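Subject: Structure for your review

Dear colleague,

Please find below the structure that I am handing over to you. My notes on what was found in it follow directly after it.

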Amino acid sequence: MASFLGQTREMRRAVRMKVHVAARYVSEHLTIEGLVTDLSPDGVFFCSDYLDAAGEPVRIFIDVPWRAQPLQLRGEVRWVSEVPRTGGMGIRFMDVSFEDRVVLSSLGLSGLSEADQDAQA
């Protein structure tokens, strides 16, 4: 976050959307079935009590309801939150194709957002 004249703003290139999407995290040390709770075409927050270190190269497999196969993306752990039951890892994607960026953008608009799921419950 950067501060300009006492105001704080995020330095993200793309807007993050709150979602609740099943995903699998795979690194050299861990393979975890879990949830992505926020995403953008540039990255995700993967909820987990099991954590890798910042800088770890990873693969994320995100379940997309309208696709037969999960979306497969390469990334890097950028930051880690160790808060029990709400912790996880912020992951920045690397080399995302235009088609995959469109799919990622569509996930947040497809009824998979947390607000939509809360309203359905």
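V26 has R59 as its bridge partner in strand β6. Helices (H or I, at least four residues) and strands (E, at least two) are DSSP runs, numbered from the N terminus. Strand β6 covers residues 57-62 and pairs with β3 in the antiparallel sense, over four bridges. Two strands are said to pair if DSSP finds at least two bridges between them. β6 is also joined to β7 by six bridges, and these two strands run antiparallel. In β7, Q72 is the residue that F61 stands opposite.

Before going further, please note that this is a predicted model, in which local features need pLDDT of at least 70 and side-chain atom pairs count only at pLDDT 80 or more, while totals for chains, interfaces and linings use all residues. Residues are numbered from 1 along each chain as its sequence is written, and side-chain values use heavy atoms, with hydrogens and water left out.

**Aromatic pairs**

How many aromatic pairs does a search of the whole structure find? The search finds two. Rings of Phe, Tyr and Trp (its six-membered ring) pair if their centres lie within 6.5 Å; planes under 30 degrees apart count as stacked, over 60 as edge-to-face and the rest as tilted.

Y25 and F46 are both buried. The word buried means under 20% relative accessible area, exposed means over 50%, and partly exposed lies in between (1.4 Å probe, protein chains only).

F45 and W79 form an aromatic pair that is stacked, at 5.3 Å centre to centre and with 20° between the planes. This pair links distant parts of the chain, since F45 belongs to strand β5 and W79 to strand β7, 34 residues apart. Are the two residues buried or partly exposed? F45 has a relative accessible area of 10%, so F45 is buried, whereas W79 is partly exposed because its relative accessibility is 40%.

**Salt bridges**

A salt bridge is a side-chain nitrogen of Lys or Arg within 4 Å of a carboxyl oxygen of Asp or Glu. By this rule the count comes to five, and three of them are described here, including the one between K18 and D38, whose closest N and O atoms are 3.7 Å apart. K18 is in strand β3 and D38 in strand β4, so the pair ties together parts that are 20 residues apart in sequence. D38 is buried, with a relative accessible area of 12%.

D95 forms a salt bridge with R74, and the closest N and O atoms are 2.4 Å apart. Here too the pair links distant parts of the chain: D95 is in the loop between β8 and α1, R74 is in strand β7, and they are 21 residues apart. R74 is partly exposed, at a relative accessible area of 34%.

E76 forms a salt bridge with R78, with 2.9 Å between the closest N and O atoms. E76 counts as partly exposed because its relative accessibility is 23%, and R78 counts as partly exposed because its value is 44%.

**Positive phi values**

Most residues other than glycine have a negative phi. D95 has a phi near 55°, a positive value in a residue other than glycine. D95 is exposed, as its relative accessibility is 69%. R85 has a positive phi as well, near 65°. R85 is placed in the loop between β7 (71-81) and β8 (88-94), and R85 is exposed, with a relative accessible area of 77%.

S40 is in strand β4 (residues 31-40) and is buried, with a relative accessible area of 2%. What does the side chain of S40 reach? The side chain of S40 reaches the backbone nitrogen of D42 at 2.9 Å. A polar contact is a pair of N or O atoms within 3.5 Å; within protein, one must be able to donate a hydrogen and the other to accept it, and residues adjacent in sequence count only if both atoms are side-chain atoms.

Yours sincerely
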